[in-house]
Amino acid sequence: MTWDLRGRTAIVGAATAHLGTAPGYSHMEIAAAAARAALADAGLTVKDVDGLFAVSMHSVFPALTYAEYLGIQPRFSEATIVGGSSAVIQMLHAALALENGQCDVALIVYGSNQRSASGKLHSPSGAENLPYEKPYRLRSPIAGYAMSAARHVHDYGTTREQLAEVAVAARLWAAMNPEAFMRDPLTAADVLGSRMVCDPLTVRDCCLVTDGGGAVVMTRADRARDLKKDPVYLLGCAGGHTHRQYSMMPTLTTTAAVQSGRAAFAMAGLTPADVDVVQVYDAFTINAVMLLEDLGFCPKGEGGAFVGDGRLRPGGALPFNTYGGGLSCTHPGMLGIFTTIEAVRQLRGECGERQVAGATVGLAHGNGGMFAHESTALLGTAATL
Amino acid sequence: MSEQGPDATYFAYLAAKDWRIPKCRGCGAHVFQPRIMCPSCGGEAFDWVAPSGRGVVHSTTVVRRRPADGGDYNVALIDLAEGVRMMSRIEGVEPADVAIGMPVTARLADQDGDTIVVFDPAEGGR
């Protein structure tokens, strides 16, 4: 099935800003720095932006906040808040708005100073009253992911060593990425022996807490070809969600990535075998296992063995989170935009030492809440059109 | 307790030390968390019934915490015999000894002045 949106829009600019620690900078300054850099990457300026797709953990009104800060009055704005999945599904929303003529230059932007501001995951949703869960002091979000991991171990025999391999592979990629926050060698024994946070997940099964911003600029394909860099085309994009509260997750070991992946691959006319680089939101090591299953890279229940054989490492069969991911590169609260940025960089051949040779199809996958919202994007070079 | 929404009804029962959940008059499904519409059939009429208190641990974790901060504690999801799942914790056993599949029994407990539902390992279970 070929849908109209395949290849109709493209990413023309992508950039990060202030990854790691940015003491003295506000989330708006970090987001704006990323926006400025992504627009410069495209050969555009902030004055060209007439569609704004904002996401933030620091503002109740991210579109209003960022537009005001950037000094723009966009024709089309939205601020979908589905957690760390937001910036990936916003590519679909941007493509729809671009195709419909609601805007001509779409900016997706995110920024956070959570590490410098508080040292922990900043979550405005903490203010939301969840009376059926609150008395039990769920440590959010890790306790939810831990219970999915525990259930995966119980149902499928997944081992802590297999989970640890996800973190080890991420660190090997991060070692080749100058932007990565943690680049020191990491072994499985280090992961298993580090402080337990929520069984069976140790602190090294968990993503980092950093500052940082990211931005992506999209236009229709015809305009994209006249801009500064080779366009990276949006071939497919879809989302889905199953719950808000973790206790309402229908099946703890299966996510809406089944739905988002199937729909995104159908839109793109591709299968997992066609993907050269995979960038999946690795909030915790269990994410890689479950989401690779749900996206169709391996059957349900086999994710542990699938990731456990070194396949995700540099030189392995499935180049995965080639920037080091949330586990070793950066995690300023919501990783979605960074999965896209790395996919774009790989497809442009900009990744230096960690470049996957000849990559033409990339997958970016966002995950929000506690396995609540999933969004999948398939990106490709001109050769894939 | 009819002149209020199902959330307030649930917590009013609990405050009276009476744990009840809605059961749909249309399709007979127990509904948790309480809603104004049955997610199975769309029914809008419910009987508030006392659950049997029997359940099974669906998943569990130990939230690790420094002893000075109160020490480790359990968080679990419980599948009730009535066919619904809820978050709670298992008491009366070390947090790390709570296991998936463990039969448990509900008990009302006081926490900071609120009545909450917690679970203990079932008598004679496993």
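In this predicted model, D72(B) is partly exposed, with a relative accessible area of 33%, and R64(B), at 28% relative accessibility, likewise counts as partly exposed. These two residues form a salt bridge in which the closest N and O atoms are 3.2 Å apart.

On the side of chain A that touches chain B, α5 (142-156) and β5 (196-198) each supply at least two residues, and α5(A) gives the most, with six residues. The residues of that side divide into 17 nonpolar, three polar and five charged.

Taken as a whole, the contact draws 25 residues from chain A and 29 residues from chain B, and the area buried between the two chains is about 2,500 Å², of which carbon and sulfur atoms give 57%. In chain A, the residues that lose the most area to chain B are Y132(A), Y136(A) and R137(A), which together make up 35% of what that side buries.

Over all chains, the count of salt bridges by this rule comes to 24. One of them joins the side chains of R8(A) and E99(A), at 3.0 Å from N to O, and this pair links distant parts of the chain, with R8(A) in the segment before β1 (9-20) of chain A and E99(A) in helix α3 (residues 86-99), 91 residues apart. R8(A) is partly exposed, with a relative accessible area of 44%, and E99(A) is also partly exposed, with a relative accessible area of 29%. In chain B, the side chains of D120(B) and R107(B) meet in a salt bridge at 2.6 Å, N to O, linking strand β7 (residues 114-121), where D120(B) lies, to strand β6 (residues 103-111), which holds R107(B), 13 residues apart. R107(B) is partly exposed, its relative accessible area being 33%. Elsewhere, salt bridges that share partners join D41(A), K229(A), R348(A) and E350(A) into one network.

Helix α2 (residues 62-70) of chain A has P62(A), A63(A), T65(A), Y66(A), A67(A) and L70(A) buried, and what covers these buried residues includes α1 (27-42), β2 (51-55), β3 (76-78) and β4 (106-112) of chain A. Just after α2(A), G71(A) takes a positive phi of about 75°.

Note on methods:
Residues numbered from 1 in each chain as written. Chains lettered and ligands numbered in written order. Predicted model: local features only at pLDDT ≥ 70, side-chain atom pairs only at ≥ 80, totals over all residues. Heavy atoms only, no water. Contact = heavy atoms within 4.5 Å. Buried area = accessible area lost by both parts, 1.4 Å probe. Helix = DSSP H or I, 4+ residues; strand = E, 2+ residues; numbered from the N terminus. Nonpolar A, V, L, I, M, F, W, Y, C, P; charged D, E, K, R; others polar. Buried < 20%, exposed > 50% of the residue type's maximum accessible area, 1.4 Å probe, protein only. Salt bridge = Lys/Arg side-chain N within 4 Å of Asp/Glu carboxyl O.
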